[in-house]
Amino acid sequence: LVLRLQRGQREIGITNNDVKLVALAGLCHDLGHAPFSHVFDSEFLPKVLGESQLEAMGWSHERMSGQLLEQIVDSNYIDEDCISREDCKRIEDLIRSSCGDYTSQYFKEKQYLKEIVANGRNSIDVDKFDYLARDCYYCGVQASCDFSRIMPFVRVIDDTICFKASEVGNIYEIFHTRASLHRRVYTHKVAKAIEYMIVDAMVEANDAFEIVKKAQSPKSFLELDDSILKRIEYANPEDDDSRLRKAKSVVERIRRRKLYKYVNEYCVPTEQLKNWKKVKAEDITACQKGDGGVDLRPDDIVVQNMKIDWSMKDKNPVDHVFFYQDARSDTKFSIPKEKVSTLLPNVFQERRVRVFVKDEANFDAVSRAFEAYQERHFGSSRQVAATPPRSKAKRHALSGPFALKKGTSSGLRTDPEARKKLRLTSREITLGGGDANGKAKGKKPLTPVPEK
């Protein structure tokens, strides 16, 4: 993209050094991702440190990316003529430009360069083009936007990246594709169940492996990667180290596919989105009714307060996008949503509350408590469908001659006489009816199929 702008608009003065800095920012902007990427940032650290302590710590993967880049340059004795100290700061500026708490120090004249890798103004950047196209391809999801048509129609006007007006529908589809991937892939209920198990294992193993402490320094940060699960799995805890033993048991459950079970979810009403507060596990367990000896604790369940938006919370990001008319235009303008289509959404944020249970034996009790919580706060259940019971006593078992014998697990291993009657009955249905002895109505008796 930066090369296209350099060649297509020579008047804006993009230098070869600018191209180098933007390219390095694109290569290094995700260096600071810890094990399991955003799970570490948004799930693990808040659970260990708490929101207030995490905010005071000021940790973000963008900030760590900048620190790691400096360390790479220093430790490998990269020449100042190649990448200087000031270059590292400029690259960090490009990487962290979308962070709300970061104040830009460079690129006062060429503001548009900060919109290429991490666009804090409307979030349309090459990082989004990259991961949306890649994830759609590898997950088998059809993208509704055409990325190849966007970059050829980019121009810089008044120090701002603008798009051709005819591509406004394609711009909307970028955000629609992103929301669809979040709903179908990134927040898939089984994927989230495994993520919560990974978080629980890392929380319990934090004291033994000093995970949070290592994440605070770029030098020790390099010791953290996805192998942390293997290290937990093969650790030899001391007799009094109950937390590490618990971490090992959680990792073992992941290996054996004994995952946390998804119970149900509901969508938060639109009118309550603005003042919505996160649901806690204590809120669900407080609604438990008499459940035959099952006493739920907050630690027995996981509550996911899921948020899916169009990258700018409850705002329409396209309201912050500028367009131009044609290649000869030097005027930028916005396009109101009403001029594009009447089918576009009026709400750009969705919140859902999901509940997972750690022990399947508590599944039915958690399901009833979750429904009771919804009835208390909304007057009725907000779930799309009721939760099927998991208790064996509540399942409808076969009765009569086709019931399974005690101790069998397959429908093929039934009583021989029942199997013979089942085959006869099937043939009677084909012929139009008959009795259990194979005498069809108005037809010759059927010959029983001999047992093999």
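**Close-up 1. An aromatic cluster of Phe40, Phe44, Trp59 and Phe221.** In this predicted model, ring pairs join Phe40, Phe44, Trp59 and Phe221 into a cluster. Rings of Phe, Tyr and Trp (its six-membered ring) are paired if their centres lie within 6.5 Å; planes under 30 degrees apart are stacked, over 60 edge-to-face, and the rest tilted. Local features need pLDDT of at least 70 and side-chain atom pairs count only at pLDDT 80 or more, whereas totals for chains, interfaces and linings use all residues of the predicted model. Residues are numbered from 1 along each chain as its sequence is written, and side-chain values use heavy atoms, with hydrogens and water left out.

**Close-up 2. The aromatic pair Tyr137 and Tyr138****.** The whole structure contains 13 aromatic pairs. One of them is edge-to-face, between Tyr137 and Tyr138, with 5.0 Å from centre to centre and 90° between the planes. Both Tyr137 and Tyr138 are exposed (over 50% relative accessible area; buried is under 20% and partly exposed in between, with a 1.4 Å probe and protein chains only).

**Close-up 3. Arginine over aromatic rings at Phe107** **and Tyr324****.** Arg90 lies over the face of Phe107, 5.6 Å from the ring centre. The charged end of Arg155 sits over the ring of Tyr324, at 5.9 Å from its centre. A charge counts as over a ring if NZ of Lys or CZ of Arg is within 6 Å of the ring centre and within 35 degrees of the ring normal.

**Close-up 4. The open sheet E1-E2-E5****.** The sheet has 3 strands in the order E1-E2-E5, with mixed pairing. Strands E1 (154–157) and E5 (322–324) are at the edges; each has a single partner strand, so one side of each lacks a neighbour in the sheet. From one strand to the next, the twist averages 50° (axes are lines fitted to C-alpha atoms, for helices over the stretch in contact; angles run from 0 to 180 degrees between N-to-C directions). Strand E2 (residues 160–164) pairs with E5 in the parallel sense over 3 bridges, and Lys164 stands opposite Tyr324 in E5. Strands (E, at least two residues) and helices (H or I, at least four) are DSSP runs numbered from the N terminus; two strands pair if DSSP finds at least two bridges between them.

**Close-up 5. Cys28** **and Cys136****.** The whole structure has 0 disulfides (pairs of cysteine sulfur atoms within 2.5 Å). The sulfur of Cys28 is 8.9 Å from the closest cysteine sulfur, in Cys88, which is too far for a bond. Cys136 is in no disulfide, and its nearest cysteine sulfur, that of Cys145, is 6.9 Å away. Cys28 is buried at 10% relative accessibility, and Cys136 is buried with a relative accessible area of 5%.
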